[in-house]
Amino acid sequence: MPALKVHHIGYLVKKMEAATRSFEALGYEITQPATYDEIRKIHICFLEKDGYRIELVSPASEDSVVSGLIKKFKNSPYHICYETEQFDKDYQELINGGFVSIDTPTPAPALQGRNVVFLMNASMGMIELLQSENAGS
């Protein structure tokens, strides 16, 4: 069984600045200002409150990886990200355990270039797997 640690909850948002202000009004603090991810064509901002980290994800163009999701789900949470020190091993264990990879592991600019991959599970929806800063294979 993979040893995974919750890293963040991902929120889809149409308007990054408005969403950021709304979360700040609830007491969240920006821990990483909006960053552009040109691979996925999205803007990403991280905020924290009471030990909880959220990631705001906003499409930067009509062909971004989340454009279809934002049209369907509007502003809403849509994934939980799990961090692992054994990225390759845990990724394979998730695949073997019934998760389906919906992309390939790629570096995430907003996460210091660490690899991420998104997976789906019919019983629980989408998760993101994040390579830990001190990860091995």
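**View 1. The β3–β4 hairpin, with aspartate 50 in its turn.** Strands β3 and β4 make a hairpin here, with 2 residues between them. (Strands are DSSP runs of E, at least two residues, numbered from the N terminus.) This is a predicted model, where local features need pLDDT of at least 70, side-chain atom pairs count only at pLDDT 80 or more, and totals for chains, interfaces and linings use all residues. Residues are numbered from 1 along each chain as its sequence is written, and side-chain values use heavy atoms, with hydrogens and water left out.

**View 2. A look at aspartate 50 itself.** You'll find aspartate 50 in the loop between β3 and β4. Its phi is near 50°, a positive value in a residue other than glycine. Aspartate 50 counts as exposed because its relative accessibility is 65%; exposed means over 50% relative accessible area, buried under 20%, and partly exposed in between (1.4 Å probe, protein chains only).

**View 3. How β3 pairs with β4.**

**View 4. β2 alongside β3.** Strand β2 takes up residues 29–37 and β3 residues 42–49; the two run antiparallel, joined by 6 bridges. Opposite histidine 43 in β3 you'll see tyrosine 36.

**View 5. The β2–β3 turn and lysine 41.** This hairpin has 4 residues between β2 and β3. Lysine 41 sits in that loop, with a positive phi near 55°. At 28% relative accessibility, lysine 41 counts as partly exposed.

Methods:
Two strands pair if DSSP finds at least two bridges between them.
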